[in-house]
Amino acid sequence: MSKKCILSALLISTIVAIYAQTPEKKLYTATRTSTTPTINGILDDVTWQSGTWIDDFTQYEPFSGRPTSQRTEFNILFDDNNLYVAIKAFDTSPDSIVNRLTRRDDTDGDLVGIIFDSFHDLRTGFLFGVSSAGVKYDRMVMNDGEYEDPSWDPNWWVQTSINSEGWVAEMKIPFSQVRFDKNSGAVWGLEVGRILYRKNETDFWQHIPKEAPGMVHLYGEMKGLEEIKPRKIFDVTPYIVAKTETFKAVPENPFLSKGHLSGINAGLDAKIGVTNNMTMDLTINPDFGQVEADPSEVNLSAYETFFQEKRPFFIEGKNITNFGLGIGDGENGNDNLFYSRRIGRRPQASPDLEDGWYADEPIQSAIIGAAKLTGKTKNGLSVGFINAVTNDEFAQIDTIGGRMQKMVEPLTNYFIGRVQKDSRNGNTLVGGMFTATNRVLNDAVRDELHESAYTAGTDFTQYFDDKNWVVNFSAALSQVQGSKKAIENTQRSPVRYFQRPDNSFSALDTNRTSLSGTGGRLQISKQNGNWNFMGVSIWKSPGFETNDVGYLREANNVLSVLWVQYQQFEPKGIYRSYSINADIYSVVNFEGDQLGNGLEWNGNMNLKNFWSVFTGGSLHSNNLDQSILRGGPMMKTPGNWDIRFGFSTDSRKKFVFESYANFRDGYSKSSNSFYSEGGFSYKPTNYLVLSFNPSFSKSFSEIQYVNTINANQGDKYIFASIDRETLSASFRINVNLSPDLTLQYWGQPFIATGAYNNHKQIVNPMADNYSDRFRIFSPDQISRDGDEYLIDENGDSSTDYRFDRKDFNFKEFLSNLVLRWEYSPGSSVFLVWNQSRSSSNDSGKLNMMNDLGDLFDGSDNKPHHVFLVKFSYRFGLK
């Protein structure tokens, strides 16, 4: 784990074990002050002579419960509007303090932080942290430390300084930034922490054993705030953006003939306290031009790629609107009733163009406005509501005789509602979720999109045995409505493939105008101690559909997993800590077919020299694949095994190196792959970080889908062997001129190739013998005519059918340069330069130097540049 995440992980993450004795809670009394201290990080104000200074800290990491190696003390004052916090981090070697400038929430070096459970619900906390260099680090903590929200950026003030005794942090935290009920000031939860970076040591004021189940419910307590009144936040932040684009001019295309575009845009963001503990976030005509682009990829599967959310409005508080129906962090972990990337997505329809026609198609659906209400009542009811409206989008089409337009995305309203009630000191949680997507369709898109889509879910969580054990159950219903053709398309989609000829559970019905289904999860786990266990079963019925505002990779399956883990927390011998885990899984469909099963294992160890090593592997049985024939019958596919390993060096050092490799081999010599990635980061100074992370993959598969040929005697499923190579790299330059002024550059070259050969037809997909499932076309049966293959199956010298040649060589370069200056809390200036360029051919082969030469050939491949300036200013309560 990198240093920038340690305080959050250690203050927030659930690090648990079984035989813990809960330490007695400490009590701190805050002191009212009549004079406001000057926030300069020096503590030379007479105000700090009042109040209570406390220094009884205990070591948490690496040796839980031992005395700290350096002394830390703190003092908390308050007036009617603000909390004032002073922390003295004493150090007998102040010249060894690691004092690195970074961007907000990306801290590196010595760190202190204070966290308030202002609801005193024993589940929720607000963390205000700062590095010795003065970089803010703030988080919202939820579910007793199980979740954290790094996008929560309250408006507060802090200054730091280094002196001969160590270093000092001085904070001013407005009550408007900390949610609480007007009668909850009698007792707050309180924790104060410190990271001594060079020793990788973490100290807490309120000791929390590593074996404790959860974190927030074990914080100490703070009194003295009985007379304070909550302050409702009221921040309004208008913005203006000026943008210009340059690209390769295409004289014959009237939309690209000039080679440049310019424009000015404006909008508004607001954060308003509706009640003492409910906050409304508003955005009107939002602009996310400063957000980094998604990484490049070539997806040859039938499934949609899941991309992470990067837009600030949707990131903040995202855990509140989370209703997951998956497990883990891979392809099985993304299923959710709410996937915020649906809002403002790329239009889903496209115009049909005749020869000589040109189209100007929007690349995203403009968000007219969005509102988000989040908070928690004194009775333990957490709420999260989002409503967003996206504009109707039209492709402008230049025809030979004039101009026309076609709708490619309709006016759409998205609603997401989430509530959860906790009781019995957070041991019982009951919640619900509802989403609605409603579109205003016209004839151009009526058969392509749902007119409406709804999901509703409920969940229940019960902790037992001092939170050592937990049972979680969640279930959801879905319904989509639309025209007969739209619902037919949904039935035929890769998510479910109702048209499979061997589908005995859910038949294709072309007269339907709606589709419904269910999904859910039952999980029982022991979540703390040296030994941890979990059993989980997840189901999605064939008709379950959430992709209008959620994410669902594949329906019609039941996944069951049994998982076990052993971990050691305390340093011993060569290690500081280690963990080993393994699981067995089984997948069946609703027809009762056993789709697959397997075994997976992982292990990692943090060494005494602060290096980390990890390894893992898996064994997967032969499978029944419901989707490989893209709507055809199921097919038996060979299983595989894989092994992976990697290591990383001491992340505290100026130079850090990491490496990872994975090898996978399919049974019956059906496939193999090798993937490796590495990288380094270098910190030559305390304000500059350079990083470079290349990766390379090489794979072979004998059964890659090519096409489905509709013939009189039945569908023919054409496959081929494919050799793929992918080379990419990500490099970053971070220059941090001050805690509020940063310059960041990211660039990514990407090359992907695929060469198809040994084309074949699937003839018996369920044959016991792997080689009997397909027939490779002989040289007499297949011939090439330009970009097509011609097939003569019966040898009568006439073409029975044809299909396109698929070989590809795709190259892309993306880059993003952002200068960010937060000249006042909540007010910023962005200067942004985005560049993208791409090139492709059908060689199917990778030649790095030639490919990069083609990509950066300025005469033939002019890049697309976007330059923008964004200015925002916050009006609100200070």
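Mentor: Let us begin with the second largest pocket, to whose lining helix 3 (residues 484-492) gives the most, with 4 residues. Helices (H or I, at least four residues) and strands (E, at least two) are DSSP runs, numbered from the N terminus. This is a predicted model, in which local features need pLDDT of at least 70 and side-chain atom pairs count only at pLDDT 80 or more, while totals for chains, interfaces and linings use all residues. Residues are numbered from 1 along each chain as its sequence is written, and side-chain values use heavy atoms, with hydrogens and water left out.

Trainee: How much space lies in the second largest pocket, and which residues are the closest to its centre?

Mentor: Rolling a probe the size of a water molecule over the atoms shows where empty space is left. On a 1 Å grid over the protein atoms alone, a pocket is an open set of points where a 1.4 Å probe fits, with protein on both sides within 12 Å along at least five of seven lines; lining residues have an atom within 4 Å of a point. Grid points are joined across faces, edges and corners, and a volume is the space filled by probe spheres set on the points. Here the space is about 700 Å³. Of the 26 lining residues, Gln 348, Ser 493, Pro 494, Val 495 and Asn 547 are the closest to the centre.

Trainee: Which backbone feature does Tyr 497 have, and is Tyr 497 buried or exposed?

Mentor: Most residues other than glycine have a negative phi, and most peptide bonds are trans. Tyr 497, although not a glycine, has a positive phi of about 50°. Tyr 497 lies in the loop between helix 3 and strand 27 (514-526). Its relative accessibility is 5%, so Tyr 497 counts as buried (under 20% relative accessible area; exposed is over 50%, partly exposed in between, with a 1.4 Å probe and protein chains only).

Trainee: Where is Ser 797 found?

Mentor: Ser 797 is in the loop between strand 43 (788-791) and strand 44 (801-804). Ser 797 also has a positive phi, of about 65°, but is exposed, with a relative accessible area of 73%.

Trainee: Which peptide bond is cis?

Mentor: The bond from Glu 61 to Pro 62 is cis, with omega near 10°. Pro 62 is placed in the loop between strand 3 and strand 4.
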